Amino acid sequence: MSSAHIRALLQPPQRKESQTKATETVNLRFHSVENLDDLESLLVESRLRKDELARNVSASQSRVDTTVRDTRVTVEQSLERAQGLSLLRHSLTDELSDITRELLSLDYNEDRESTLLEDLETLHRNLKELQSVKDYVQVTERALKLRYVLHVSMPFCASIQSHSEDAVEQFRTPSMMTLDSLRNYQSLQQYVAIVIQSCSTVEEESSKQRLNLVEFLDTLRIQTWTDIKAALSTALTSAAEKLGWPTPVDYVSCAPQDRQAFESAFFNLLKLQSFGREIHTEAPLMEKDGLYPFHALIQPISLRFRYHFEGSRQTNKLDKPEWYFTHVQNASHEHAPFLKSVVQSLLDRSEYRGINAWREFTLLLLPLLSRKLKKTVPMLLGHPSLLAHTIYQALSFDAAMLEEGFMLEGTSDPDKKAKWDGICEVILGNPDWFEAWLTGEKHFVEDQYNEIISAPDAWQVAENNDDNDLLESKPTNSSRRVKSLVEQVTDRYSPLPHPIQRAHFLIKIQLPLLDSYLFRISSSLDAFETLSSIFVGPVPGALSNITGREVSSSQEGTRNLTSGAAGVHRLCKALLSAGYIEASMERWGEDIFFLQLWSEFVTDSVLHSWAETYDLLPSLTDLDAASPRETVFKEIITRYHALSVRAESMIVHLVCGEIEDGLRAHRVTTTSSTTEHDALGFPVSQTLLAPIGLLSSHLAFLRGTLPKTIFTALYRRIARRLADHILQHEILYRGHFSLQEGKTIRAECELWVETCHAAIEGALGGGHQRIQAPWNKVLQAGRLVSLEGDAWQQVYDVTFGTGSDQGWEDVIAGLVGIVELGRNEVSTILKRRRDYNTGDHM
C-alpha cells in the first residue's frame, strides 16, 4: 500500500459527501410515500452499520499505531547500518588511493622512481624493438652479402669486407657473359622475393602500406641490376672509344683486338638483356625501351648534346632550334654505315636479328630532342614566331628522317607496327601548345591579309602570271598574293601527322581567309551598284541625262568611276580576282593532299561532325565515303563562282546599258543631214557612231584585260543582248518603215558585226562566223527588211504560203544566208515594211 493511499484513508469523513450518499440511498429505496413504512427498519440497519464501522476504525487505529512503532524501530536500525557502511566505504577509498599511488606511472609523477612493473614493461618493449632491429639488419646484411657491396660506413656490414671480389666488379672485367654469371644476382632476387612474400601479411594489416624494408630490398635489387648493366656498358663504351666512337668509325682500319673487344662487350650486353628477360618474368624491371648496347653507345652522344644545347654555351639558343635538330640528324646519318654493316651483322648473329640497328639507334636518339623540346617550348609560348620556327624545324626533321627510311618497324618499340608520329608530336600532342601555335599562325595570316588588301597596287591586274597551271587566268595582285598566302599556310601544316590537326588549319585559317576575300570583293560590287546610275532603276517622271542639266563635280567624279572604261575596269578587277581564286581552289581541291583530307572528313566521326556544323564546308549528306563527289573547297568555290557570275552580269549590264542609252538617243534623233557611208554605200546616222564606238572601245578593253575563255563568254552575252535590243527596238516595235529605211537598218546591223570583228579579230578563234554568231538573228532580220524585187516577193510567198518548213528554210538560206529566226518571227518582221499589203508586194 502506497503512502498516498494511507494518507487518503486517514482523512476524516466528509459531511457533504455523506449527506449526498444518504440522499441517494433514500431515493433509491423509497420511490413513493407508501414505501416510507420501511424507514424505521432502514434506520436500525444504519445504526448497526455505524457501530460496526466504529469498531473497525478502532481496530485499524490500533494496528496503525503498532505498525508505525515497528517501522520507526526498523528505520533506526537501518540508519545505524548505513552509517557503518559509509565509514567502511571511506576506509576502503583511502586504502585504494594508497594502492593507486603505489602503482602510479612515472609519466604522472616524474619525481618518483619507476616501479618494478614499469621497468619490466620497458625492458620487454625494448627487447622486442631490438629483436625487430636485429631481424631488419640481418635481412639487410643478407641482401648486401648477396650483392657483395661494401658499405664501410655501416657497422653491421663490417663482416662483408672480408669478401675478396665485388659481384658488380666482376662484370667490369672482359669475359663471356653466361647465365651462371648472374647466380649471385638470382640468389638476391629469390631472397628479396621471399622477404616480400613474408612481409605481405604485415602490409595487409597496415592497409596495404608498403614496408620500408620491402621498398629498400626492391630498390637494392633494381640498383644491383642497374650496376651490372652499367659495368658492362662501361666496358662497351671503352671498347667503342678505342674504335673512335662517337666520331664516325672506320671499322676496317681498327686493330683486331679492339674489334674483338667491342664485339665481345656488345654480345655481353645483348646476353645480359636476354637473361634479364628470363630472370625477371615474375618481377619485371621498369626499364627504358631499347637494347642495352645502343643505350651504351648513345651515352657519349648524349653528353655532347647536353654540353652544347642544355648549358650556357653559345650553341644553346632559343632562336636556333635547327642546330640541335641538325646535331641529332647528323649523328644518325654519320653512324649509319657503321650501324648498318658492323652492328647489324652482330645483331643478326644474336636472337635480336629482327632489329634494324640504324632504326634502333635513331629511336634511342629521339629522347634527347624530346627532353630538349619539353624544356624549351614553355619559354616560346610568348614568342609566336619562334614557336612556329621550332615546330617547322621539328616537322622538317621528321620529314628528313622518314625520307632516310626511319620507321618504328624493326625497333624495340612496343608499338612497332604503328606509324611514327614524329618528334613534332611532343609539341603538337600538347593541346595548349598546339592552340598557341594555331593562334599565332592565325594572327600572322590575318596581318598578311590586311597588308595585301591595303596595298596600293592590290587591285591592279598583274602584268604576268607565273602560275603554269593557271596560264589562262589573269590575276590581280591581291588575288595572286592571297593565293600565295593560302598555299603558304598549306605548306606549313601539310606535314602534320594527324588529320584533325590539319583540319584545324583548314577550318580556322584558310577557309575564313578565303571567305574574307570573297566578302571584300562582294562589298566592292555592292558599292559599285549603289554608286552607278546604270544599276539604279529609272524613276517615273524623272529627267534623263539627255536634258543637258549639269551635275555637281562630286557626282561627276563618282559617275566617271562607275561608268565607261573606268567602271568596266573596276568590274573586271573584281571578276579577275574572284575567277583566279576560284580556279586556284578547283586545282587545290584535286590535289592529293586535300583529297585525302576530305576523305578524312567523310570517314572520321569528329571531323564529320565539324563538317556538318561549319557552313564553309560541303554538306556530307548522302555522300559516298569510297568515292566522294565533292572536294573540300566545293562550298566556297560555289560562292566564288556565284560572285564571278555576278561580276560578269554587271559587266554585261554596264556595257550594254551605256550602248543602249546611246541607241535610245539615236532613235529619238532624226537622221542628220550629215551622213557617212559604210562599206555598202548606205548612209549611217551620226548618232549611231557614238554607241558603235563605245562598243568597240569596250570590246577592245575586255579583250586586252580578260582571259580568252571569260572574254568569249562575255562577248557572246553582250552581243546577244545588243542584238536582241536592236531587233526589238529597231525592227519589231519601231512601227512601219520604208524600203530605204530597211536598207539603212541592214547597213547598221552589218556595221555592228564589222565593228565587233575589227575590235576582237583573232581573239575568239573560228574566224568571222564565230564573231557573227550572236548577231545572226538581227542580221537575218536586217537583210529581210532590205529585200526588194523578186527576192522580196519570193520570201513573202514562201513565208505566208502553205509550203513546208523545210522548203521555207531552204529559200531563206538561199536568199539571206542565215536561218536563225522562226517562220512566225519572219512573218512579223516582214509586216513591218510599209509596202507590205495583201495585193501589191513591191
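Analyst: The model is predicted, so local features need pLDDT of at least 70 and side-chain atom pairs count only at pLDDT 80 or more, while totals for chains, interfaces and linings use all residues. Residues are numbered from 1 along each chain as its sequence is written, and side-chain values use heavy atoms, with hydrogens and water left out.

Side chains of opposite charge can pair when their charged atoms come close. A salt bridge is defined here as a side-chain nitrogen of Lys or Arg within 4 Å of a carboxyl oxygen of Asp or Glu. A search of the whole structure finds 19 salt bridges. One of them joins the side chains of Glu 351 and Arg 277, at 2.8 Å from N to O. This pair links distant parts of the chain, 74 residues apart: Glu 351 is in the loop between helix H10 (336-348) and helix H11 (357-380), and Arg 277 is in helix H7 (residues 256-279). Helices are DSSP runs (H or I, at least four residues), numbered from the N terminus. Glu 351 is partly exposed, with a relative accessible area of 48%, and Arg 277 is partly exposed at 49%. In these terms, buried means under 20% relative accessible area, exposed means over 50%, and partly exposed lies in between (1.4 Å probe, protein chains only).

Another salt bridge is formed by Arg 717 and Glu 648, whose closest N and O atoms are 3.8 Å apart. Arg 717 lies in helix H23 and Glu 648 in helix H21 (residues 634-668), so the pair ties together parts that are 69 residues apart in sequence. Arg 717 counts as partly exposed at 30% relative accessibility, whereas Glu 648 counts as buried at 16%.

Lys 743 forms a salt bridge with Glu 788, and here the closest N and O atoms are 2.9 Å apart. Because Lys 743 lies in helix H24 and Glu 788 in the loop between helix H26 (776-785) and helix H27 (789-800), the pair ties together parts that are 45 residues apart in sequence. Lys 743 counts as buried at 17% relative accessibility, while Glu 788 is partly exposed at 43%. Elsewhere, Glu 310, Arg 371 and Lys 375 are linked in a network of salt bridges.

Helices H23 and H24 also pack against each other. Helix H23 (residues 708-732) and helix H24 (residues 739-760) pack at an angle of about 170 degrees, with their axes 12 Å apart. H23 is therefore roughly antiparallel to H24, a term for angles over 145 degrees. Axes are lines fitted to C-alpha atoms, for helices over the stretch in contact, and angles run from 0 to 180 degrees between N-to-C directions. Among the residues that meet are Phe 711 and Tyr 715 in H23, and Trp 752 and Cys 756 in H24.

Two further residues complete the account. Ile 452 is found in helix H14 (residues 431-454) and is buried, with a relative accessible area of 9%. Leaving aside neighbours within four places in sequence, Ile 452 is in contact (heavy atoms within 4.5 Å) with Ala 458, Ser 478, Arg 481, Val 482 and Leu 485. Leu 39, in helix H3 (residues 39-103), is partly exposed, with a relative accessible area of 41%.

Key: Helix = DSSP H or I, 4+ residues; strand = E, 2+ residues; numbered from the N terminus. Parallel < 35°, antiparallel > 145°, perpendicular 65-115°, else oblique.
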